[in-house]
Each structure stands twice: as C-alpha cells, then as structure tokens.
Amino acid sequence: MSTLAASPAQRAIRRGLVLTGIGLAALAGVYLLALQFTPIERFQGLPQKIFYVHVPAAWSALLAFSLVGIASALYLWLRDPRLDWFAESSAEAGLVFSVVMLTTGPLWGKPIWGTYWTWDARLTFTLLLFFLFLGYRALRGAMHEPGDRARYSAVVGIMGLVLVPFVHLTVYLFNTLHPKPIVLKPDSPSLPWEMLRTLLVSLGAFTVLLFGFVTARYGLARRSAEQGEEVGRGD
Amino acid sequence: MRETLRVALVVAEKDLRVELRSRTAFISAVTLAALILLVFNFARDAAVVSREALAPSVLWVTLAFVGVTVLNRSFAVERENGALDGLLLAPVSRSAVFLGKYAANLVFVLVVETLTVLLVVLFFGADLRGTLGAILATVFLASAGFVAVGTVFAAMTARTRFAELMLPLLLLPFLVPPVIAGVQVTTRLLAGRPVSEIAGWLRILGLYDIVFFTLGLLVFPSLMDE
C-alpha cells in the first residue's frame, strides 16, 4: 500500500520492526554472555542457563498482561480505539512470552526438580494467567464487529486484572497449607554478580523485544482497522 | 434506586417463570449433575480411594461444571426471537437488567447446587449431619461471586460464535479461587475442624463476592451499548 506509506500505522510497524531487530540482536548477545562469560552454577550445572531466558520471558509476559488490563480499563473510560488495538497487541505478545516461559520452565524442571511440572503456586498462577489470556484471544477471534469486540474484550481484560490477586492469594494459601519438599530456587538473593549481570541484560533484551512486538502488532491492528478488515480472524 | 430494584425483580421473575413453565433446563441441569457424579465414581480406584475421601473434590468440580452450563442458558434464551433487543429497548437502566438477570441466575444455580449437594450425600456417602447448613452456606458464598462474573460473560458470549465453548473458556479461570476455597472449607467442615481454620477462606469468598458483584454492576451497562 504505497498510498499509506506515511500513515501512523505504517510508522508503528516500522518502529516495531526496528525495536524487534534491536531486541533480537540483544538476545543473541544474551546467549553469548550466558554461555561464554557467565560461570556455570555449581549445583545445577548447565540447565541453570535456562534461567536467563525463563525469568525475563516471565517478566515480559506479566508486564504485557498488566498492560492489557490497564489499556482495557482506559478503553472503557475513554473509548479510544487505539487503546483497544494496544490491548490486543499486548495480549498477543504476552501469549508469545508465556509460551516461552511455559516451555523453558519444564525443560529446566525435569533435570533439577525431577519432573516437568509440579502444582507449585507460582506455576499454577502463571498457567492460569496464560489460560485467561488465551480466552481473551479466543473471544476476540469469535467476534467481528470492531466496537462490540473492543468493549467485550475490555470487560474481560478488566475482570482478568481483578482476578489476578484472588488467584495469587488462593493458590499460595493452597500451597502453604500443603507443604512441598524444599525446592531448589534459582533466584536466591545471593546471586553472584556475573549471573545478575547476565540476568539484567536479558531482562533488558526481553523488554525491548516485548515493546518491539507490541508496537509492530499495534501497527498491523491499526492498519487492518483502517482498511476495514479483520486481522487474526478466527477460522 | 427503588425503581431499579423493581425492574430487577420484574426481570428476575420473568426469567424464573420461563424456567418454571418449561422446567427443561432445570431437569437437564440436575440430570447433568447426577451424570457427572456417576462418571466420577468410575474415575476412582475403589480399592485405593474411598468415596468419602473424594466427596469434597467431587462436589466442587461438579458444581463448577454444572454452574457454567447453567449460566450459558441465561442469555441464550434472550437471543431467541430477539428477546434481548426487546429487553434493551425498554426504558430501564442496564444495571437493573443486570441485577434481574443476576438474581434469577443465582436462584437457579443455588437450587441446582443444593440438589447436587444432596446427590453427593447420596452417591458419595458424605456424612453431613450437623454440617449441611454450613456447607450450603459455603456453596452460596462461593456462588454469589462467580454467578456475577458468569452473568456478565454469558451476556457477551451469547452474541459470539461457539457460545457454548466460549463461556467455559472464559469463566473457568474465575472459578479457581471459589473452588479452592470451597474445597478447603468443605474438607475441614466434614473433618469437624474448628471454625477458626476456615474463617480466612470464608473471608476470601466474601471479598470475591463483593468485588465481582460490584464490578459486574459497573461493566454490564457498557456491554449493552449499541
């Protein structure tokens, strides 16, 4: 669409792609840093390296989901379609990072905990959040009228945001009432400097990636809305 | 305020009258509960797990699925013959419509749930002497909040494709806190534990009810805009 070359949507896509490029380059740097310049953890060995991808992915996912809740609340108040596009984009980016979090977690858990999955409070909590936003995405996919879709999904976004503390509280109470064997936790406060440095760099890289994804996806959502067609329509 | 309550009562009464006249949904819901219990019985190794030990879990899982199924009906009936449009054309506040639908749903869900509790007593041998009232009160406390969420979501999903699939998908995550609290309270009640052990869980349930009822009342009008 050469006629739309300078449209805001096009600019957002371009900015998003640039950010994503920077994020991917930084991610390559993280791999190098984690594998070459960070010491191997004494007790866990190599599997501990997953930590540098897993934790930042979880951070990006939770950040993205918080943004969905906030954008949803603002949408119902201001009714600005840009907030809806932003919420949609954040939800999808959040789902992508959740998948990274939920696949790297079990890969680490198998050698360290001896099992891919346990019903630990934190695991349960993040899995539920993932399902919540899968539902959010499914609802969007099942609706065509942009106004209805925006209002309905905003309601789900707000409800989800309010649900989070309840889920958090109940799964933790549930867990403390049923004590589990002591689990090895990689994020002990006494993280050596080299490891902390790698983690911080990785957190930065994942945050840039998140904003790259969200910005590019926002541009796509905006462009398709302006062209009066649907993006990511369910079947 | 009084006008809102009057309209809410009219809406609720209309819903319950539709239910009483046909009774199809009611009978189907109770049958569904009984069938879920039947399936549960075969999902357990009788030599390893006693039916009494499984009773609290069975009760709450059954309540969750029956609750979701019943709520689906709430706005599906309104969609037929464009009844929802008629309801929305009426010069009444949307909050009153929410209150009415909520009240009717809550009554319907609670009646079905009460029968489900009795069926669990019958099929899973839970000894409820002395605790039946407390368990029914817990069921009520656990339902008041999720029915509010369910009323909001059913209003939305009734207008989407795959409504019967969409509602459970959206609603089941919201059932997790009430189900966790419900199982914890029921297990302790059945074991004859002191009230102090369940007070915290009951407080969470009460808070959940207040928060989601209020939120439902606030967001429902924006769903009904045209």
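In helix α1 of chain B, the buried residues are B:A8, B:V11, B:A12 and B:D15 (buried means 20 or more other C-beta atoms within 10 Å of a residue's own, exposed means 12 or fewer, and partly exposed is in between, with C-beta atoms placed from the backbone). Looking down the axis of α1(B), these residues fall within an arc of 90 degrees, so they line one face of the helix (the arc is that of the directions from the helix axis to the C-beta atoms). This is a predicted model, in which local features need pLDDT of at least 70 and side-chain atom pairs count only at pLDDT 80 or more, while totals for chains, interfaces and linings use all residues. Residues are numbered from 1 along each chain as its sequence is written, and chains are lettered from A and ligands numbered from 1 in the order in which they are written.

**Helix α1 of chain B**

- Helix α1(B) covers residues 2–22 (helices are DSSP runs of H or I with at least four residues, strands are runs of E with at least two, and both are numbered from the N terminus).
- From first C-alpha to last, the 21 residues of α1(B) reach 31 Å, close to the 30 Å expected at 1.5 Å a residue (the expected span is 1.5 Å times one less than the number of residues).
- The buried residues of α1(B) pack against α5 (94–124) of chain B.
- On the face turned away from that buried side, α1(B) carries the exposed residues B:R2, B:E3, B:R17, B:L20 and B:R21.

- Just after α1(B) comes B:R23, with a positive phi of about 65 degrees.
- That is a positive value in a residue other than glycine.
- B:R23 sits in the loop between α1 and α2 (24–42) of chain B.
- B:R23 counts as exposed because it has 9 other C-beta atoms within 10 Å.

**Helix α2 of chain B**

- The 19 residues of α2(B) should span 27 Å at 1.5 Å a residue, and the end C-alpha atoms are 27 Å apart, which agrees.
- Buried here are B:A29, B:A33 and B:F40.
- What covers the buried residues of α2(B) includes α3 and α5 of chain B.
- The face of α2(B) turned away from its buried side has the exposed residues B:T24, B:I27, B:T31, B:L35, B:L38, B:V39 and B:F42.

**How α3 and α7 of chain B pack**

- Helix α3 (residues 51–79) and helix α7 (residues 163–190) of chain B pack at an angle of about 145 degrees, and their axes are 8 Å apart (axes are lines fitted to C-alpha atoms, for helices over the stretch in contact, and angles run from 0 to 180 degrees between N-to-C directions).
- The crossing of α3(B) and α7(B) is right-handed (right-handed if the near helix is turned clockwise from the far one by less than a right angle, left-handed if anticlockwise).
- By class, the contact of α3(B) with α7(B) has 16 nonpolar, five polar and one charged residues (Ala, Val, Leu, Ile, Met, Phe, Trp, Tyr, Cys and Pro count as nonpolar, Asp, Glu, Lys and Arg as charged, and the others, Gly among them, as polar).

**Where the chains meet**

- On chain B, 23 residues are in contact with 22 residues of chain A (in contact means C-beta atoms, placed from the backbone, within 7 Å).
- Helices α6 (132–157), α7 and α8 (199–223) of chain B are the elements that give two or more residues to the side touching chain A.
- The largest share of that side, nine residues, comes from α7(B).
- The residues on the side of chain B that touches chain A divide into 19 nonpolar, two polar and two charged.

**Chain A**

- Chain A has six helices and zero strands, and its pattern along the sequence is α-α-α-α-α-α.
- Of the 235 residues in chain A, 40% are buried.
- Among contacts in chain A with a separation of 6 or more, 81% are between residues 24 or more positions apart.
- A:I13 is in helix α1 (residues 8–36) of chain A and counts as partly exposed because it has 19 C-beta neighbours inside 10 Å.
- Leaving aside neighbours within four places in sequence, A:I13 is in contact with A:A216, A:G219 and A:L220.
- A:R79 lies in the loop between α2 (51–78) and α3 (81–113) of chain A, and its phi is near 55 degrees, a positive value in a residue other than glycine.

Key. Two residues are in contact if their C-beta atoms, placed from the backbone, lie within 7 Å.
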